[in-house]
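Dear colleague,

I am passing on the structure that I promised you, and I would be glad if you kept it open while you read. My notes on what was found in it follow below.

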Amino acid sequence: MLRSIVRISRVCQSLGSLPYVQTQLGHPAVRTMSTLPWPFNSAPRDFSLPNSSWSSEMTRLYEHYNSQCEVETEDGEKQRGPWRRLPSYNRSLKYAKGGVYLSKFVQSKARLFTRNIKTAGAAFEYVMFINKEEQRSVCIFQAGHLLEGPPGHVHGGAIATMIDSVTGTHATYLSGPVMTANLNINYRSPIPLGSTVLLESCMDKKEGRKTFISCKVTSADSSKLHTEATALFLSVSVSHLLGM
Ligand SMILES: CCCCCCCC(=O)SCCNC(=O)CCNC(=O)[C@H](O)C(C)(C)COP(=O)(O)OP(=O)(O)OC[C@H]1O[C@@H](n2cnc3c(N)ncnc32)[C@H](O)[C@@H]1OP(=O)(O)O
């Protein structure tokens, strides 16, 4: 731990002499580690918060749902609203053992697939909100230029990735640790690259270890259906999830 802090601080010192970093960070000499922005700060970054790559549509939808995470009562008191924003990091479990196949190198470098591209806006830009009472979730997704499939449109695998992530996160929220057993997808109309879309998921039923979730992907104003999917998640033990 101490060694990695020393290494990070050396990297920051050497980067601080570069003009670009000086512009980004102001005066490196007077800033402490805790005030440095990501990626120079070792504190984890929450990828679900707005950044400069977000379109006005994405920001508008974010504000719409975020404003319903906390509501004001008649007495002017703040209380939890119907929606909850889920924070998002680029590692799901820091100390996953991952069975016999994972070397120490793979363990230390492992990153969540949808959060592993550092350039903001280049790939999967998204934020997810959950409505516990209604057992539904909504994800606002802006598809970046690295996700191209057909010219000018989003790759079907990237759409499947987002559906799996959103329905999987939703199922985890409802049922604890799960794995995707089955995912059925119907692609109805292509998603333009760079556009903002909504993924809405709802729980259809729960039967023992099985959680059934359905999901639809629409344009930001919900007028156009892009994709429909159903998914089955099976509850698993934590040791199964970690491959132990
Ligand atoms: C934070 C980001 C969240 C991202 C979420 C992403 C989630 C993922 O992508 S997970 C990765 C992809 N998924 C996988 O790799 C899973 C691989 N498969 C497995 O590990 C196992 O097959 C697993 C855990 C799904 C089920 O195995 P197991 O626990 O032994 O269940 P098993 O006893 O075979 O079956 C239990 C029940 O489910 C049913 N079932 C199992 N698989 C399926 C299936 N594919 N379709 C329909 N039913 C199924 C069985 O018929 C059985 O039903 P019943 O009890 O009525 O007889």
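**What was found**

Strand S4 is largely enclosed by the rest of the structure, because seven of its eight residues are buried, where a residue counts as buried if 20 or more other C-beta atoms lie within 10 Å of its own, as exposed if there are 12 or fewer, and as partly exposed in between, with C-beta atoms placed from the backbone. Please bear in mind that this is a predicted model, in which local features need pLDDT of at least 70 and side-chain atom pairs count only at pLDDT 80 or more, while totals for chains, interfaces and linings use all residues. Residues are numbered from 1 along each chain as its sequence is written.

For the chain as a whole, the secondary structure comes to six helices and nine strands; the helices (H or I, at least four residues) and the strands (E, at least two) are DSSP runs, numbered from the N terminus. Of the 244 residues of the chain, 20% count as buried. Among the contacts in the chain with a separation of 6 or more, 63% are accounted for by residues 24 or more positions apart, a contact being two residues whose C-beta atoms, placed from the backbone, lie within 7 Å.

**The sheet**

Seven strands form an open sheet in the order S3-S4-S5-S7-S8-S9-S6, with antiparallel pairing; two strands are taken to pair if DSSP finds at least two bridges between them. S3 and S6 are the edge strands, each of which pairs on one side only. On average, neighbouring strands of this sheet are turned by 20 degrees against each other, direction ignored, the axes being lines fitted to C-alpha atoms, for helices over the stretch in contact, and angles running from 0 to 180 degrees between N-to-C directions.

Going along the sheet, S3 and S4 run antiparallel and are joined by four bridges, and Arg85 has Phe129 in S4 as its bridge partner. S4 and S5 pair in the antiparallel sense over eight bridges, with Glu125 standing opposite Gln142 in S5. These two strands, S4 and S5, form a hairpin with four residues between them, and in its turn Gln135 has a positive phi of about 50 degrees.

S5 is joined in turn to S7 by seven bridges, the two strands running antiparallel, and Val138 stands opposite Glu200 in S7. S7 and S8 (residues 210-219) pair over 10 bridges, again in the antiparallel sense. In S8, Ser214 is the bridge partner of Cys202, and Ile213 is that of Met203. The hairpin of S7 and S8 has two residues between the strands, and Gly208 takes a positive phi near 60 degrees there.

**The helices against the sheet**

In helix H3 (residues 56-66), Met58, Leu61 and Tyr65 are buried. They lie on the same side of H3, because they cover an arc of only 70 degrees around the axis, the arc being that of the directions from the helix axis to the C-beta atoms. Ser56 and Glu63, on the other side of H3, are exposed. The cover over the buried residues of H3 includes strands S3 (83-86), S4 (124-131), S5 (136-143) and S7 (196-207).

Helix H5 lies across S3, S4, S5, S6, S7, S8 and S9, and runs at about 135 degrees to S6. Leu174 has its place in this helix, H5, and is partly exposed, with 18 other C-beta atoms within 10 Å. Leaving aside residues up to four places away in sequence, Leu174 touches Gln135, Met203 and Thr211. Leu174 and Met203 are 29 residues apart in sequence, while their C-alpha atoms are 8.8 Å apart in space.

**The ligand**

Which residues come nearest to the ligand? Of the 13 residues around it, these are Gly168, Met179, Thr180, Ala181 and Asn182, where a residue is near a molecule or strand if its C-beta atom, placed from the backbone, lies within 6 Å of it. Helix H5 (156-175), strand S6 (178-187) and strand S9 (225-235) each supply at least two residues of the shell around the ligand. By class, this shell has five nonpolar, six polar and two charged residues; Ala, Val, Leu, Ile, Met, Phe, Trp, Tyr, Cys and Pro count as nonpolar, Asp, Glu, Lys and Arg as charged, and the others, Gly among them, as polar.

With kind regards
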